Amino acid sequence: MSPRTRSGSHSAGTAVAVIADIMAFILGLWILMYLLDANRANDLVRFVHDAANWLAGWSHDLFTFDEAWARVVAGYGLAAVVYLFVGHAVANRLHRG
């Protein structure tokens, strides 16, 4: 394998890991904002909520706990963990070439 190809796959792996980290950060930030009862009329809070809803569209209503905070933590937290796990697994695979 040429050094150029290896460098390209290393860069791609790093990019995948960074994107996965950013996605998980947004989801974690929304969980924190929810738990701290952030003002949903605030533009930043609304942006983070919308982004988290989009990222966790497949998981945010997956659980049916009685407590709303538990549903938020479990649903959005699951999405964050999956993005971290899958993103870093793909990144490691790309790093190995």
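This report walks through the helices, a loop residue and the aromatic pairs of a predicted model.

Some ground rules: local features need pLDDT of at least 70, side-chain atom pairs count only at pLDDT 80 or more, and totals for chains, interfaces and linings use all residues. Residues are numbered from 1 along each chain as its sequence is written, and side-chain values use heavy atoms, with hydrogens and water left out.

Residues 68-91 come out as 100% helix and 0% strand, and here the end C-alpha atoms lie 34 Å apart. Helices here are DSSP runs (H or I, at least four residues), strands likewise (E, at least two), numbered from the N terminus.

Val 86 belongs to helix α3, residues 68-96.

**A loop residue**

Asp 37 is found in the loop between α1 (3-35) and α2 (43-55). Its phi is near 55°, a positive value in a residue other than glycine. Is Asp 37 buried or exposed? With a relative accessible area of 67%, Asp 37 is exposed; the classes are buried under 20%, exposed over 50% and partly exposed in between, using a 1.4 Å probe and protein chains only.

**Aromatic pairs**

Rings of Phe, Tyr and Trp (its six-membered ring) pair if their centres lie within 6.5 Å; planes under 30 degrees apart count as stacked, over 60 as edge-to-face and the rest as tilted. By this rule the model has three aromatic pairs. Among them, Trp 58 and Tyr 83 make an edge-to-face pair, 6.5 Å centre to centre with 85° between the planes. This pair ties together distant parts of the chain: Trp 58 is in the loop between α2 and α3 and Tyr 83 in helix α3, 25 residues apart. Another pair, Phe 63 with Phe 65, is stacked, at 5.8 Å centre to centre and 15° between the planes.

Here is how some of the residues above score for accessibility:

| Residue | Relative accessibility | Class |
|---|---|---|
| Trp 58 | Trp 58: 42% | partly exposed |
| Phe 63 | Phe 63: 30% | partly exposed |
| Phe 65 | Phe 65: 39% | partly exposed |
| Val 86 | Val 86: 44% | partly exposed |
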